[in-house]
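I opened the notebook to look up a few local features and the contact between chains. My entries follow the viewing.

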Amino acid sequence: MSDKPILRYNANERTNHWLVAILFILAALSGLALFHPALFWLSHLFGGGPWTRILHPFMGVLMFVFFVGLVLRFWRANYFIANDRLWLKRIDRVMRNEEQGVPPIGKYNPGQKLLFWTLLLCMLVLLVSGVVIWRAYFSSYFTIDSIRLATLLHALAAFVLVLSIIVHIYAGIWIKGSLSAMLHGWVSRAWAKKHHELWYRQVTGDKPAEPPINKKG
Amino acid sequence: MASQDIIARSATTTPPSSIRQLEEVAKLIDTTKCIGCKACQVACSEWNELRDEVGHNHGTYDNPQDLSAESWTLMRFTEHETDDGNLEWLIRKDGCMHCADPGCLKACPSPGAIIQHANGIVDFNQDHCIGCGYCITGCPFNIPRISQKDHKAYKCTLCSDRVSVGLEPACVKTCPTGAIVFGSKQDMKEHAAERIVDLKSRGFDNAGLYDPDGVGGTHVMYVLHHADTPRLYAGLPDQPVISPLVGLWKGVSKPLALLAMGAAVLAGFFHYVRIGPQRVEEDEHPSPPDSSVQVVDPAVHVYDPNQPGGQGEQRP
């Protein structure tokens, strides 16, 4: 019984996450093509400059729509709790794979929570500024100064978003078991206990100092 | 079509083909001689084979109301009452100023869509234009327009096709009062200086040349009766500069941002190399973290007092 894996993400959550991820990759590559001349070659992935310009905003809006789905699913689990402050203070130990003195945390660690709220902020800024600079449909409703400001904010928010996602992807590579959790949904009990102990206790009903289970002995 | 006189090229970080030296040219528009006949608008339309839609009368002489992808130049009429009660009819031929430091070119993300020739002409190459409209964002004079038909940006070319074969721009050729003249930038400045002396002698004490430094000077210049207040002329900017927002957006921040993104990827890679992945022992099973009962498994010979039941535990 104690070896039974735990379902961390159900099929809808996984699908939603990967839809956002795919759209992010597309929006980021097309956006980077317009971000700096050194990356303009990325526009060829989308059929050339004009197609990149045409597709990018649609991909962005779609990404936002699906991201709202993720927010509705996960925002409750991303409220900060008391242990999070100490966890953040001990981030250096976390980074060194040391567990001594790192407090137990819930379904998401404070790093993931910060990422969640950063992504939400970036997505909102990107959506609003993106509409303002969407020349084909909306820019004519805005003043040149607001377009200039929106252009700058769009690039800034995109930069923060890309950096955050680089960290997010690396965390998935670094913490073994988390990528597969998002791919097929399941984590081992040991994984849950090691990385998200409060969540583990919550879903399994285990007490912190549970009686010894040693039926295999 | 080999161009060897290109001194700046949009979204290009290496030197463009700029071996050919050309004298800087300029178009000088003398607002004090302009009678607002719009012959220049017609000549522009004729030469460039542009046929804008016929619009509506909005109660002013401005016709069309604004520049468009098919109207590259436009007379803007302003009624200005001077302090001593004189009514002045200020007429300014609006269009691309061909800045020495072009904001459109700086903002453009598409390599080669905007080029600047050695003679000072800033030209759009619609073949490379992707229609993003960044040139509009970058322009301090509100000149480029995106066509709703082909979604490419258009503006006055200073008749680069005519100038390249030694002709003057079409608007210059047609102007019946000589209010528009064309030549080397130096000659135009000298011509303007003479005009300004004349205007001052006629009581226009603030007459002057509009060749704003903020954009490095322009290759379309105005003689103004009121050079101290260019904004009188239908909002001609007093101190045009590329917006600091655009400067920040397109300046040093983007290479730095790219560097930061690359650094983040590298940091992750080396974290993995130096610290390594965080694994859960696959055969680790939940054990009492702090049990008062010591369960002795005869097969286990490892005892770590610091990690009772921790990951160092070995299973039989």
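In which loop of chain B does B:Pro64 lie? I found B:Pro64 in the loop between α1 (39-47) and β3 (74-81) of chain B. I noted that the model is predicted. I then checked the peptide bond that joins B:Asn63 and B:Pro64. This bond is cis, with omega at about 0°. For context, most peptide bonds are trans.

Next entry: backbone angles. Most residues other than glycine have a negative phi. I looked up two histidines of chain B against that background. B:His98 has a positive phi, near 50°. I placed B:His98 in the loop between β4 (87-94) and α2 (103-107) of chain B. Is B:His98 buried or exposed? B:His98 counts as buried because it has 28 C-beta neighbours inside 10 Å, and the cut-off for buried is 20 or more.

B:His151 also has a positive phi, near 55°. B:His151 sits in the loop between β7 (145-146) and β8 (153-154) of chain B. I found 19 C-beta neighbours inside 10 Å, so B:His151 counts as partly exposed.

Next entry: a sheet in chain B. What is the strand order of the open sheet of four strands? I read β9-β2-β11-β10 (chain B), with mixed pairing. The edge strands are β9 (180-184) and β10 (208-210) of chain B, and each pairs on one side only. The twist averages 25° from one strand to the next.

I followed β10(B) to its pairing with β11 (220-224) of chain B. The two strands are antiparallel and share three bridges. Within this pairing, B:Tyr210 has B:Tyr222 of β11(B) as its bridge partner. I also looked for a helix on the sheet. Helix α6 (185-201) of chain B lies across β2 (25-30), β9, β10 and β11 of chain B. This helix runs at about 135° to β9(B).

Next entry: chain A against chain B. How many residues of chain A are in contact with chain B? I noted 49 residues of chain A in contact with 46 residues of chain B. On the chain A side, α1 (11-35), α2 (49-74), α6 (144-174) and α8 (189-195) each supply at least two residues. α6(A) gives the most, with 15 residues. The chain A side divides into 28 nonpolar, eleven polar and ten charged residues.

Last entry: the record for chain A. UniProt, in an unreviewed entry, lists residues 8-185 of chain A as "domain: Cytochrome b561 bacterial/Ni-hydrogenase". I checked that span in the model. It is 70% helix and 0% strand, and its end C-alpha atoms lie 6 Å apart.

Terms used
Residues numbered from 1 in each chain as written. Chains lettered and ligands numbered in written order. Predicted model: local features only at pLDDT ≥ 70, side-chain atom pairs only at ≥ 80, totals over all residues. UniProt positions renumbered as here; feature names shortened; annotations may be inferred. Buried ≥ 20, exposed ≤ 12 C-beta atoms within 10 Å, placed from the backbone. Contact = placed C-beta atoms within 7 Å. Nonpolar A, V, L, I, M, F, W, Y, C, P; charged D, E, K, R; others polar. Pairing = 2+ DSSP bridges. Axes fitted to C-alpha atoms, helices over the stretch in contact; angles between N-to-C directions.
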